[in-house]
Amino acid sequence: MNSRLSNATIASLPGAIVIPRYDRGAVTPGIVHLGVGAFHRAHQAAYVDACLADGETGWGIIGVSLRTPDTRDALSPQDGLYTLAVRDSAGERLQVIGSILSLLVAPEDPGAVLAALTDPRIRIVTLTITEKAYLRAADGSLDDNHPDIVHDLTNPGSPKTAHGFLTEAIARRRAAGTPPFTVLCCDNLPANGATLHRLLVEFAKLRDARASAGDRPLAGYVADDVAFPSSMVDRIVPATTDADRTRIAQELGIEDAWPVMTEPFRQWVVEDRFPAGRPAWEKFGVTMVEDVGPFEDMKLRLLNGAHSGIAYLGLLSGHATVDRAFADPSIRQFVDALWAEAIPTLPEGAGLDTAAYTAELAERFSNTALAHRTAQIANDGSQKLPQRIIASALECLEAGTELVHLTLVVAAWIEACAARGKTLPEGHFTDPRDAVLTALLDQQLPANETVAAVFDLAGFAKDHAERRTLIELVAVHLVHLRREGPVLAFAALGINSR
C-alpha cells in the first residue's frame, strides 16, 4: 500500500468514510493552534472542521508544534489531512478532518511561527500544550528562573515557550496597529484563561524591566487589551498505536501516518469573549457561557480526578487500560466513593447535574474499544493532582466532611512513582519533577516523611492551614500500599477486594 491520504487521494476513499465537503483551497487561516497533538485534532480541530463545512471558510488552522516535528512530519505530506476514528463498543466511524491548513515546528523556525501569529487574518490563538508547559513555580507564579523563560527574555525574536511567542506576537501586532488576537487556553488548568492571562502579564513585566528607555510598556496592554476567555474541554483520546494505523489504512485503502482515536462523547464549554470574532461553534454543540468555572470544576474533580485514581490504582493492581481497571469491582467501588466525596465541593446553584454526569462517565470509562492506557493518564501527576484532587481534599477538610478516598489517590500516585523500575517498568510514565522525585523515593523514608517531602517538592497545599492533616491522611494510605498494595488500602476503606 503505497498511496497516502492527501488532497489528491481523498476522493478515492470508500463511501462510508466521511470527508470534507468544502473547498479546502478556499479556506483561509483564522486560528493558530499551539500544541498540535492528538487531543487538539480530536477536539478543537473537529469543531472547526464542522464550521468550515458550514461555510465559515475564514477559520482554517495553522498548527504549531512547540517541541518536536513528529506531527508536522506525519501530516504535511498529507496536506494536513488525517482520520478521526470515533470508537465505542458497538463499532467505529471514520471521518477525515481538513481544518488544519499547515503545520510549523517552532524550534526549527521561530520566525515562521511569529509571522503566522502576526498575520492580521489570525483572530484566535488556541493552546493545548499540557499543564507542565505553563512553567509555573510551586506557588503558581511564573517560574522566572526556568531556562526557557530566561532565554525568551533575552531573545524575544526567537522564543522557545508559549509565553515568549504570544508576548512577542502581541507586541509586534500592537506596533503594526493590528488588533490583538484572542487567546483561548484549552488545557486542564484551573480558570485556564485567567491563569494564562496572569502568567503572560508576569512575563510581559519581566520584558518591560529589560526594555530600553522610551519603549512602550507591554504588561498593561496584555492586562487590559487582550482577551483570555477560559474554557473547559473533554474528550478521551488514547495514544494511537501501530495496530490502529494498520486497521485504519485497511479501511481507507491508503495510508494515514497519524490517525487519531477517540470516543463519541465530546464537550467544549467556552466563555464568550472574542473581540476579534469567532466561529459559530454553538451550532455544533459548543456551550458558550459567561462563566466556565462550575463546568470546569465538575470536569476536573469528577472526570479527571477519577481518571487519576483509576490510573494509579489501576497500575498498582496490574491493569493496563481504563476499561479493565474500571471493571475491577474494588476500583469501581472506589470511584463511586470518590465521587461521593468530591460532589459536595462543587458550586451549588450552577445547574450541574452530577448524577447524570457521573452515570455518563461510568459508561465512558467502560468503553472497551478505546484501550485508554492507564500509564498515559498517569503522566505529570505533580502538575495534575492539585486541581484534580488536592483542591477537593482541602475543601473537604475545611467543611469537616469525609475525604479518605481523595487522599488515597495522592498516596497511589506516590507509590506508583516509587514502583517504576521495580514492579512497574522504568519510565512507564513520567513527571516534570522526576529527577528529584525519584531520588527522594529511593531513600525509602517512613511514610509520613515521604509524603511531607513530596508535598514540599510538588508545592501541594502550600501554606494551607490543613496541610499537615492532609499529609497525615495520605501517609496512612501509603503505609497500606507499601505493605500489601491496593488490596489492603481498599480493605481499610471497607471496599471488598476481588
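This is a predicted model: local features need pLDDT of at least 70, side-chain atom pairs count only at pLDDT 80 or more; totals for chains, interfaces and linings use all residues.
Residues are numbered from 1 along each chain as its sequence is written, and side-chain values use heavy atoms, with hydrogens and water left out.

- Cys186 is in no disulfide, and the nearest cysteine sulfur, that of Cys185, is 6.6 Å away.
- Cys186 is buried because its relative accessible area is 3%; buried means under 20% relative accessible area, exposed over 50%, and partly exposed in between, with a 1.4 Å probe and protein chains only.
- Cys417 is buried too, at a relative accessible area of 5%.

**The sheet**
- Five strands make an open sheet in the order E5-E2-E1-E6-E7, with parallel pairing; two strands pair if DSSP finds at least two bridges between them.
- Strand E5 (100-105) and E7 stand at the edges, each with a single partner strand, so one side of each has no neighbour in the sheet.
- From one strand to the next, the twist averages 20°.
- Strand and helix names follow DSSP runs numbered from the N terminus, with helices (H or I) of at least four residues and strands (E) of at least two.

**Strand E6 and its partners**
- E6 pairs with strand E1 (residues 29-34) in the parallel sense over 4 bridges.
- In that pairing, Ile31 has Ile124 of E6 as its bridge partner, and His33 stands opposite Thr126.
- E6 also runs parallel to strand E7 (residues 182-185), joined to E7 by 4 bridges, with Thr126 opposite Leu184.
- In a regular strand, side chains alternate between the two faces of the sheet.
- Both faces of E6 (residues 124-127) are covered: Ile124 and Thr126 are buried on one side, Val125 and Leu127 on the other.

**Helices across the sheet**
- Helix H2 (residues 44-53) lies across E1, strand E2 (60-65) and E5, and runs at about 160° to E2; contact means heavy atoms within 4.5 Å.
- Helix H4 (residues 110-118) lies across E1, E2, E5 and E6, at about 140° to E5; axes are lines fitted to C-alpha atoms, for helices over the stretch in contact, and angles run from 0 to 180 degrees between N-to-C directions.

**Aromatic rings and charges**
- A search of the whole structure finds 9 aromatic pairs; rings of Phe, Tyr and Trp (its six-membered ring) pair if their centres lie within 6.5 Å, and planes under 30 degrees apart count as stacked, over 60 as edge-to-face and the rest as tilted.
- Trp413 and Phe460 form a tilted pair, 5.7 Å centre to centre with 50° between the planes.
- That pair links distant parts of the chain, 47 residues apart: Trp413 is in helix H16 (residues 404-419), and Phe460 is in the loop between helix H18 (447-458) and helix H19 (467-484).
- Trp413 counts as buried at 2% relative accessibility, and Phe460 does at 1%.
- Ring pairs also link Tyr47, Trp268, Phe274 and Trp281 into a cluster.
- Arg266 lies over the face of Tyr47, 3.9 Å from the ring centre; a charge sits over a ring if NZ of Lys or CZ of Arg is within 6 Å of the ring centre and within 35 degrees of the ring normal.
- The charged end of Arg174 sits over the ring of Tyr221, 5.2 Å from its centre.

Notes. A disulfide is a pair of cysteine sulfur atoms within 2.5 Å.
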